[in-house]
Each structure stands twice: as C-alpha cells, then as structure tokens.
Amino acid sequence: MLYPLFLKLAGRDVLVVGGGSIGTSKARALLEAGARVTVVAPDVHAELRELAATGALALHARGFVAADLDGAWLVVAAATPDVNLAVAAAGEARRIFVLAVDDPASASAYGAGVVRRGGVTVAVSTDGRAPALAGLMREALEAVLPDELASWTAEAERVRRLWKAQGVPMAERRPLLLDALNRLYAEREAVLPANDAAVAFSAPPPARVSLVGAGPGDPELITVRGARRLAEADLVLYDALGSERLRDLAPHARWFYVGKRACRQSIGQEVLNRLLVKNARRGLKVVRLKSGDPFVFGRGGEEALALAEAGFACEVVPGISAAVAAPALAGIPVTHRGMASSFAVLTGHHEETYGPLLASFAPGSLTLVVMMGLRQRARVAELLVARGWDRATPAAIVVGAATPEAWRWTGALDGLGAAEIPSPSREAPGLLVIGEVVSLAGALRLEAGASSPLAGALP
C-alpha cells in the first residue's frame with residue numbers, strides 16, 4: 001500500500017537525472033510547481049538547453065555522481081536502468097525519495113496521472129505497475145469533472161472558514177457542503193426569468209473548433225491564420241509533434257496533450273473525438289493543433305466527421321506539410337526538371353500498407369517520401385531493390401528538419417538501413433526521401449536560419 005501525498009516543492013531543490021523527452025517533461029512539471037531544478041545527463045534535449053540558457057534550471061551535461069543528490073529534497077530518475085539503480089542506491093543512503101520513471105525496481109516514489117481544474121488536483125496511481133492505465137484514468141476523469149469546479153472550490157473555501165469559526169465538527173461538514181453547493185444552482189436560477197433559465201443552462205455560447213496545422217516544427221512556419229486562432233484559443237489539444245514553442249502564441253489557453261508517436265498512443269482517437277465534442281458543447285474556442293497539415297496523415301478528417309455528427313462545424317487551417325517542407329529545408333526539392341516530375345507520399349508504419357505501394361512504382365520513376373518510416377528504413381530499401389530500383393539511387397534521412405534536433409543523412413539506397421541516427425535526434429520526427437533529387441542536397445547553397453538549421457551543414 002502506498003501513502004499518497006502532495007508535495008510543496010516551491011523553492012526546494014529537485015534533481016532530474018536524464019536529459020531525454022521524459023526528463024524534459026518532468027523538469028517542466030517541476031518548474032511549474034516552483035521547484036529549483038537541476039538536470040544531470042550526458043545527452044540533453046534541446047528544450048533543456050534553452051531552459052538552462054534562460055536561467056530557469058541548472059544543467060550539468062555529464063554522467064550522474066552520488067554527490068549530485070546533496071541538498072536535494074526529491075530526485076527524478078529518467079535515465080537507463082543501470083543509472084536509475086545507481087540513483088536509487090544513492091537516494092536510499094541519503095533518505096531521499098527517488099521517482100524512477102517506468103522503473104519500479106529503482107523507485108521509492110511513483111508519479112501519477114494528474115488532472116487540475118478549478119483549484120482541484122486529482123492524481124491517479126497504479127503503484128508503478130501500469131502507468132498507461134493511470135493515463136487512461138486521468139483522461140476519463142478529465143472528461144467527467146464538472147465545468148463549475150472553480151465555483152465549487154470557492155464556495156467550499158468560504159463555508160470552511162465560517163464553520164471553523166463556529167466550531168462545526170469535521171464529521172458534520174460534508175452534508176452541509178453538499179447543501180451549500182446545491183444552493184449555488186438554486187440561487188443562479190432564481191435571478192433568471194423563468195422562461196430564460198432553461199436556455200441559460202442548456203445553450204452554451206457558440207463554439208469554434210479549428211483544426212490547425214502547426215507546420216514542420218518552427219513557430220515561424222505556422223500560418224498567420226493559425227497564429228491568430230492560437231491567440232484566441234481557450235483550449236489547445238496538441239500532439240507529440242506540435243512544437244511546444246508555439247505556447248507563446250496562445251497565452252490564455254489551457255494546453256492538453258493528446259499525442260501519438262511511433263505507433264504508441266497516449267490517448268485513443270475516440271477519446272480525442274469526445275474531448276473535441278465536449279469542449280465544443282461548452283462553448284470554448286478550441287484549437288486542435290497538429291504537426292504539418294491536419295489532412296496529411298493527421299486524422300483531421302476523422303475529427304471533422306466526429307464534430308459534424310455531433311452537430312458542430314469546424315474550421316480547417318492548413319499547415320505546411322513536412323512531406324515537402326522537411327526535404328526542402330534539407331536542400332532537396334521533391335520535383336526537379338529532368339530528375340523527377342512527380343512525387344509520392346506514404347507512411348512507413350506497417351509493411352502491409354506501404355509494401356504494395358512500393359511494388360506499384362516503376363523503379364526510379366518518381367521521388368518517394370516515406371513519412372514515419374525511420375524504423376522501417378532497412379525494409380523499405382530492401383523492397384525497392386527487389387522491385388528493381390538501382391542500389392545506388394540517392395536516398396536521404398531527414399530528422400527534425402525545422403527543430404533544434406535537426407539532422408540529415410544522405411547516401412545510397414542500399415546504405416539506408418545502416419545509417420546511424422545520433423542520440424539527440426532519435427526521438428524527433430523524421431522521414432525518408434528516395435530518388436535522384438536527393439543528389440541536389442550537396443549542390444544547393446541554402447542560407448542557414450531558424451527555420452532551416454540543416455542549411456548550415458550543407459557543403
């Protein structure tokens with residue numbers, strides 16, 4: 001059995017061991033709680049470097065040593081199992097609790113799925129055994145918690161002060177609170193004309209749901225209309241590939257992560273559809289922020305249909321698709337006179353989907369862009385060679401093209417599977433480009449900039 005607690009970490013030192021995406025998200029949450037955060041890791045996510053540059057946290061780009069725990073109130077271990085084990089041993093010796101992410105054997109504390117609304121925090125734990133289930137429970141709670149929770153909290157706080165002054169015993173307060181909350185609704189209906197009361201509670205203000213393309217990752221590459229919709233938003237439902245640097249464009253919105261990556265879902269599509277419909281019914285201005293374009297492998301059509309079936313229209317704000325933007329930022333035009341007059345875009349998740357498509361293309365007849373295909377790159381190359389494509393056909397891997405994790409490899413088709421993606425870029429979105437146009441990557445001279453960090457690496 002675990003003993004649940006909520007910790008006051010404001011102004012207290014907390015150590016995060018691990019600099020990947022998980023360590024980054026934990027550091028961000030700890031900063032939001034007011035903790036003084038120190039991160040230790042040999043390989044560090046770009047966002048952590050940005051936070052360190054602004055002075056938001058301290059960063060040590062090296063391996064963990066036991067002395068790193070000196071003065072810490074809590075430590076989060078988000079590294080490899082052997083490093084987590086070393087952190088656990090050092091924490092046990094110093095009587096410091098260790099939250100080891102997805103590593104129960106090294107943990108003396110577990111994180112939780114957290115929902116915050118209206119001054120109420122709800123945390124769900126599965127004792128470290130099933131964190132994905134805790135996430136699903138969090139989503140369920142998010143969907144059923146009442147919109148009026150802030151007014152409930154304010155009223156409960158008001159009557160608590162009154163009951164304490166009157167000496168009302170704790171055991172008698174719960175039924176009294178229920179009566180007080182019910183009176184909120186009775187009083188609200190009493191001030192409305194009889195024929196308006198039902199309308200006031202059944203017809204929320206008109207909603208606007210916008211499916212917005214975030215582009216390939218750089219905030220400067222979002223459309224003007226997309227930026228405007230973010231500025232107006234009450235709620236932003238964003239995916240794993242949507243740049244969190246776009247948060248500055250939506251200063252008043254609440255952000256809720258609904259991402260999917262590499263076939264691992266953090267939230268089911270049906271749950272996401274229900275969230276869109278629920279918040280449309282609440283009358284909120286909702287932005288569904290998607291990487292690239294909403295209708296290019298973004299399941300935007302499914303979300304638009306779900307809204308239509310519930311009686312809501314939605315706006316589509318197209319975005320720059322990574323299918324063409326990522327190759328372009330790497331110096332690769334997907335079409336070029338004399339080399340390729342057409343291109344095809346497909347996903348590389350499952351061979352049963354992309355295999356028949358690859359077999360249908362005449363060898364060397366066009367440019368192939370395989371999105372989400374990094375894990376299948378060896379198999380894609382093998383199938384193309386078997387179809388008759390020249391082994392020397394130019395090929396490229398483009399990762400995180402418009403992000404700080406940008407990385408590019410070019411070579412021959414038969415070397416695609418052996419290409420090693422460096423550690424800092426492995427978790428960034430990427431795609432494959434196959435065709436004669438890839439040979440132009442070494443010939444074009446592109447100006448390096450915020451939107452094209454790859455350009456500076458070109459010869």
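In what order do the five strands of the open sheet stand? The order is E3-E2-E1-E4-E5, and the pairing is parallel. The model is predicted: local features need pLDDT of at least 70, side-chain atom pairs count only at pLDDT 80 or more, and totals for chains, interfaces and linings use all residues. Residues are numbered from 1 along each chain as its sequence is written, and side-chain values use heavy atoms, with hydrogens and water left out.

Strands (E, at least two residues) and helices (H or I, at least four) are DSSP runs, numbered from the N terminus. Two strands pair if DSSP finds at least two bridges between them. Strand E3 (58-60) and strand E5 (97-100) stand at the edges, each with a single partner strand, so one side of each lacks a neighbour in the sheet. On average, neighbouring strands are turned by 20° against each other, direction ignored. Strand E1 (residues 13-17) pairs with strand E2 (residues 36-40) in the parallel sense over five bridges. Val14 stands opposite Val37 in E2.

Helix H9 (residues 269-281) and helix H10 (residues 300-309) cross at roughly 45°, and their axes come within 9 Å. Axes are lines fitted to C-alpha atoms, for helices over the stretch in contact, and angles run from 0 to 180 degrees between N-to-C directions. H9 and H10 are therefore oblique to each other; angles under 35 degrees count as roughly parallel, over 145 as roughly antiparallel, 65 to 115 as roughly perpendicular and the rest as oblique. The contact (heavy atoms within 4.5 Å) involves Gln269, Leu272, Asn273, Leu276, Val277 and Ala280 of H9. H10 contributes Glu302, Glu303, Ala306 and Leu307.
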